[in-house]
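Hi,

Here is the structure I promised to pass on. Have a look at it first, and then read my notes below.

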Amino acid sequence: MATKLLVINGPNLNLLGEREPGIYGTDSLKSIESRLLELAKEFSVNAEFFQSNNEGDLVERVHQAFRDGVNFIVINPGAYTHTSIALRDAFLGTKIPFIEIHISNVYKREEFRHKSYLSDIALGVISGLGTLGYELAFKAAITEIQKTKNL
Ligand code: DQA
């Protein structure tokens, strides 16, 4: 069966490129997704993308991923990182492995951004490497899936 990867972006990440470029850079979400599609092609995996500004829709998407047999999720939960027990429970409930990514270094920013409801149940966390973080997380996800498939 083909490997399925899902990349989820939370609230306000649809504004990438226009939103606080000093913090988040000038890449649009579309350009990030097309870079990831190139990687998906290179490694012969299926990649899907989802962005929502609504917490419930993000939770539903994780449930859908479970039903679809998605192997791995890369997620930038945006501000829901710091607030969403519902998203945490979705990952705990479905047991889909995931990497949490942040464009900015959340530990250099306001204290309320230092708390994540996901980090301790994620395979890993990338924070502060700009939009390159998505590609690094994507590659790490592929490596991880290959490892578990070879077990
Ligand atoms: C973010 C960091 C969050 O604190 C913030 O709410 C975001 C983006 C990041 O990618 O750096 O929306 O997840």
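A nonpolar core is a set of buried Ala, Val, Leu, Ile, Met, Phe, Trp, Tyr and Cys residues joined through side-chain atoms within 4.5 Å. Buried here means under 20% relative accessible area, with exposed over 50% and partly exposed in between, using a 1.4 Å probe on protein chains only.

Some ground rules: this is a predicted model, where local features need pLDDT of at least 70 and side-chain atom pairs count only at pLDDT 80 or more, while totals for chains, interfaces and linings use all residues. Residues are numbered from 1 along each chain as its sequence is written, and side-chain values use heavy atoms, leaving out hydrogens and water.

Now the core. The largest nonpolar core has 24 residues, and Leu5, Leu16, Leu36, Tyr134 and Phe138 have the most contacts inside it. Its largest share, six residues, comes from α5. (Helices are DSSP runs of H or I with at least four residues, strands are runs of E with at least two, and both are numbered from the N terminus.) Apart from this core lies another, of 17 residues, including Val59 and Leu87.

On to α5, which has 18 residues. From first C-alpha to last it reaches 26 Å, close to the expected 26 Å, where the expected span is 1.5 Å times one less than the number of residues. Among its buried residues are Tyr134, Phe138, Ala141 and Ile145. The buried residues of α5 pack against β1 (4-9), α2 (29-42), β2 (46-51), β3 (72-76), β4 (98-102) and β5.

Which residues does Tyr134 touch? Leaving out residues up to four places away in sequence, the list includes Val7, Leu13, Leu36 and Ile101, with contact meaning heavy atoms within 4.5 Å.

Leu13 sits in the loop between β1 and α1 (21-24). Is Leu13 buried or exposed? It is buried, with a relative accessible area of 1%. Beyond four places in sequence, Leu13 touches Arg19, Gly78 and Tyr134, among others.

Thr131 is buried, with a relative accessible area of 9%. Setting aside neighbours within four places in sequence, Thr131 is in contact with Tyr24, Asp27, Ile32, Arg35 and Ile103.

Enjoy exploring!
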